[in-house]
Amino acid sequence: MLSAFNDAFSLLESLDANLLGIVLLSLQVSLTALLVGCLLGMPLGAFIAIQNFPGRQGLIVVLNSLMGVPTVIVGVVIYLLLSRSGPLGELNWLFTPKGMILAQSVLTTPLIAALTRQIIEDGWRIHGETMSALRLPIAAKLKWLVWDCRFSLSIALLAGFARAISEVGAVMIVGGNIDRVTRTMTTAIALETSKGDLPLALALGLVLLGVVLLANLMTSIIKSFAERRYG
Amino acid sequence: MNRRFILKMSALTVLAFSTIGLSHAQKSITLSSTTSTEQSGLFKHLLPAFEKKTGIQVKVVAVGTGQALDIGRRGDADVVMVHDKVAEEKFVSEGFAEKRIEVMYNDFVLIGPKADPAKAKGKDIQAALQKVASSKSTFISRGDKSGTHAAELRYWKGAGVEVSATQTWYKETGSGMGPALNTASGMNGYILSDRATWLTFKNRGDLAILVEGDPRLFNQYGVMLVSPSKHPHVKKADGQAFIDWIISSEGQQTIASYKVEGQQSFFPNAKK
């Protein structure tokens, strides 16, 4: 255990170009998947929160269940879609970062949508009557609600990021763990574990944990700054 | 909903995707291969030499032989390099490759606890397996349709032992060589491994090589170009360049010069 901490530090100290590439790729893929997840999930979640339509309850249950869909299943489904023998084979996205982003977006979107739905619905309970009285168009209502709940929504953001950056099932299958092309922190950890190099695997895990911690710290700082400034 | 809003959203989404992977104008092929070749470090030794000579980048997807062949079958790789002759010949007869070319071999070893409770140590793999079975010592099987798994099942058959997961001493892990070795190390059990993976494996615990050198433990690797008539998008010229290089005297020497802990792990044997 202790040697893992030492390894983690010497890994960081040497700032190995290969390791840096792995960390950057992980961030690039997961942050893009987070962006896609927000762009699709937040409007969707907000829409479901304030709109009544038949099948709404069912949709909410489905959305909430999708938060827990195994990453491996998403990996296999996206693999079959992107395979040359599959319907999207022409795109040539299999074993590329693009394919990995697609797979992780499938993970982040429902999670962010489900959390957004709950948060916006609570905001709607407070402001709903006023907004209905103002007869705002729905897009304007959505914008106002999302803006009003922005601090609470940051938890959806962090959850989406955590889901993406920590998963290994989908990126392993869709990315193929190709050295210098699609190797992320989690697939590198899986690889070192299977080589029996447990200390190095643990060291990489600590680096991953550090990245997640840094992301959370930054969000927290931005949030408290913004709350003081605009809250 | 507001049309401009939607437009902005979709533009951002497209932008997010398009920023990725613009830099790779380089020629490349996808090679699906086994974990043993990748994890032993052979490809790290071999591929830079090939890339330097031809400028073709080789992207390796390292999985079990069964899955590696399946990736080829679906047209997701240009070249397949695996070690299960029977499955490879089936791949050719199904028309997914025009021919199979032999490249190199390494060998399997029987790994087990140093104390060797089954007294399996020796030079005969089938006799050793009989002893493991009769003493009901824990045996870890890959159980994942890999080349190593296929070889293991052949040796059990040769030893005249019926194995199945219903026997408590026989455990199928359904995982790659490394994870299976981790399991064997944790349970202090017997396991069949390829030598290259064993040599690079670090979490050995109390395990050691017990049986080696039996000619039956010979493990042949073959390479195949995925058939362009089945999958027209296969990079035929670049894939063929890789195969031609790996069986050339230069490629074969590069294989021979790769050593793990001072030991040669792969022995080139392509027929000229």
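**Group meeting talk: a predicted two-chain model**

Let me start with chain B. Among its contacts with a separation of 6 or more, 75% join residues 24 or more positions apart. Keep in mind that this is a predicted model.

How confident is the predictor? The complex gets an ipTM of 0.81 and a pTM of 0.86. For chain B, the mean pLDDT is 91. In that chain, 92% of residues reach 70 or more. Helix 10 of chain B, residues 236-246, has the highest mean pLDDT, at 97. Helix 1 of chain B has the lowest, at 67. Remember helix 1. We will meet it again.

Now the overall build of chain B. It has 272 residues, and 45% of them count as buried. There are 11 helices and 12 strands in chain B. Along the principal axes, its C-alpha trace spans about 75 × 55 × 35 Å.

Next, the domains. Chain B is divided into two. Domain 1 takes in residues 27-105 plus 220-268. Domain 2 covers 107-217. Over C-alpha atoms, the centres of these two domains of chain B are 26 Å apart. Where they touch, domain 1 of chain B contributes 20 residues and domain 2 of chain B contributes 14.

Which helices of chain B each supply at least two residues to the domain 1 side of that contact? Three of them: helix 2 (35-39), helix 4 (65-73) and helix 5 (85-93). Helix 2 of chain B has the largest share, with 3 residues. By class, the domain 1 side of chain B has 12 polar, 6 nonpolar and 2 charged residues.

Let us zoom in on two strands. Strand 1 of chain B runs over residues 28-34, and it pairs with strand 2 of chain B. The pairing is parallel, over 7 bridges. To find one of these bridges, look at T30(B). Its partner in strand 2 of chain B is K59(B). Is strand 2 of chain B mostly covered or mostly open? Mostly covered. Of its 7 residues, 57-63, 6 are buried. A general point about strands: in a regular one, side chains alternate between the two faces of the sheet.

Over to chain A. It has 231 residues, of which 44% are buried. Its secondary structure is 10 helices and 0 strands. The C-alpha atoms of chain A fill a box of roughly 65 × 50 × 25 Å along the principal axes. Of the chain A contacts with a separation of 6 or more, 78% are between residues 24 or more positions apart.

Last topic: how the chains meet. On the chain B side, 29 residues are in contact with 25 residues of chain A. Which elements of chain B give two or more residues to its side? They are helix 1 (3-18), strand 2 and helix 8 (177-187). Helix 1 of chain B gives the most, with 6 residues. By class, the side of chain B that touches chain A has 13 polar, 12 nonpolar and 4 charged residues.

Here is the point to take away. Helix 1 of chain B gives the most residues to the chain B side of the contact with chain A. That helix also has the lowest mean pLDDT among the elements of chain B. And strand 2 of chain B, mostly buried, is also among the elements on the side that touches chain A.

Conventions. Residues numbered from 1 in each chain as written. Chains lettered and ligands numbered in written order. Predicted model: local features only at pLDDT ≥ 70, side-chain atom pairs only at ≥ 80, totals over all residues. Buried ≥ 20, exposed ≤ 12 C-beta atoms within 10 Å, placed from the backbone. Helix = DSSP H or I, 4+ residues; strand = E, 2+ residues; numbered from the N terminus. Pairing = 2+ DSSP bridges. Contact = placed C-beta atoms within 7 Å. Nonpolar A, V, L, I, M, F, W, Y, C, P; charged D, E, K, R; others polar. Domains from an automatic or database assignment. pLDDT = per-residue confidence, 0-100.
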